[in-house]
Amino acid sequence: MKKNLWIILLVVALMVVYTIYEANKPQPMDWSKNFSVEKKGPYGTYIMKDALPYMFPGGKTEVSRISIQEKLRLNDVNTPEVYFFVYTYFESMNDEAEMLLDYVNEGNTLFLSAEYIPDTLLAIAGVEEMQDFRSGVEYIRGFSEGGYSFPSKSRYFKLDKSFEGEILGYVNSTDMPNYIRLAHGDGMIYLHTNPIAFTNFYLLDSLRGNYYQRVLSFLPSDLNVVWDEYQKSGRKGQATPFRVLFQYPALKWAYILLLVGGILYVL
């Protein structure tokens with residue numbers, strides 16, 4: 001019996017040492033394109049969250065972690081606001097798109113930067129389709145001192161004859177617009193095709209760090225800001241206890257140690 005006890009204590013001691021090692025070893029860089037305001041990796045938008053109040057000093061900034069439907073149903077703010085969506089894919093149901101359009105029609109602003117935008121919104125904007133272009137240089141209207149090169153492929157809008165908006169940015173030439181603005185009712189819709197320009201990596205870049213500022217310079221600075229986080233991270237409150245535990249290495253290994261120790265004790 002005493003021999004078994006010493007074996008258990010030895011195993012537990014080894015687990016403690018291993019847990020301390022795992023909890024303190026350097027974590028690998030997260031290179032995933034998550035666009036989350038909670039992520040400090042290259043393709044998170046943690047810095048963007050802090051930059052928004054400076055870009056819109058006349059309004060308030062809010063990070064929304066609920067669905068579009070819930071947010072717009074609960075919305076009772078009379079001050080005009082801009083609803084930001086920055087992600088690789090913009091996913092919305094038809095009823096959500098209709099609610100967003102009604103929201104804009106009432107005098108609010110929709111800003112959408114994504115590589116893939118639903119056909120519903122493209123049709124409303126007078127865009128036939130989105131096309132790819134490699135090794136393009138991006139320009140912002142009104143800023144003549146050079147363009148911006150991004151390592152990823154460029155996307156641009158193929159405009160329909162029905163397009164009645166403005167071209168605010170383009171790839172190589174105005175025939176390849178990648179940033180457009182159009183009126184919808186009493187509000188405005190901004191569509192942009194390069195969401196990685198809003199990530200931590202490019203906000204800190206010495207050559208491309210002011211690109212996002214120029215993109216946002218076309219929006220009124222007194223708008224309230226709603227930054228959507230729901231499409232990227234889901235509802236903040238829906239995380240289970242186990243998801244929280246395994247999110248932090250120290251808690252994860254402490255839980256594993258507790259579980260293994262319990263099993264050994266029973267044995």
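Two rings of Phe, Tyr or Trp count as an aromatic pair if their centres lie within 6.5 Å. In this predicted model, 19 aromatic pairs are found. One of them joins F35 and Y87. F35 belongs to the loop between α1 (2-24) and α2, whereas Y87 belongs to the loop between β2 and α4, so the pair ties together parts that are 52 residues apart in sequence. F35 has 0% relative accessibility and counts as buried. Y87 has a relative accessible area of 23% and is partly exposed. Another pair, Y83 with F85, is stacked. Here the centres are 4.5 Å apart, with 20° between the planes. Both Y83 and F85 are buried.

Ring pairs also build a cluster. It links F56, F84, F111, Y179, Y190, F198, F218 and W227.

Some rings carry a charge over the face. The charged end of K40 sits over the ring of Y46, 4.9 Å from the ring centre. R208 lies over the face of F150, at 5.9 Å from the centre of that ring.

The strands come next. An open sheet contains 9 strands with mixed pairing. Their order is β1-β11-β2-β3-β10-β9-β8-β5-β6. At the edges are β1 (61-64) and β6 (148-149), each of which pairs on one side only. Inside the sheet order, β2 lies between β11 and β3. β2 and β11 run parallel to each other over 4 bridges. F84 has W227 of β11 as its bridge partner.

The largest nonpolar core has 31 residues, and F84, F111, Y179 and L216 touch the most other members. At least two residues of this core come from each of α2 (46-55), β2, α6 (200-203), α7 (211-216) and β11 (224-228). The most come from α7, which gives 4 residues. Another core, of 25 residues, lies apart from the largest one. Its members include I68, F90, Y103 and L122. In soluble globular proteins, nonpolar side chains tend to be buried together.

T88 lies between β2 (81-86) and α4 (94-105). Its relative accessibility is 12%, and the limit for a buried residue is under 20%, so T88 counts as buried. Beyond its neighbours within four places in sequence, T88 is in contact with K33, F35, A114, E115, Y116 and P195.

Notes. Residues numbered from 1 in each chain as written. Predicted model: local features only at pLDDT ≥ 70, side-chain atom pairs only at ≥ 80, totals over all residues. Heavy atoms only, no water. Buried < 20%, exposed > 50% of the residue type's maximum accessible area, 1.4 Å probe, protein only. Contact = heavy atoms within 4.5 Å. Core = buried A, V, L, I, M, F, W, Y, C linked by side-chain atoms within 4.5 Å. Pairing = 2+ DSSP bridges. Phe/Tyr/Trp six-rings, centres within 6.5 Å; stacked < 30°, edge-to-face > 60°. Lys NZ or Arg CZ within 6 Å of the ring centre and 35° of its normal.
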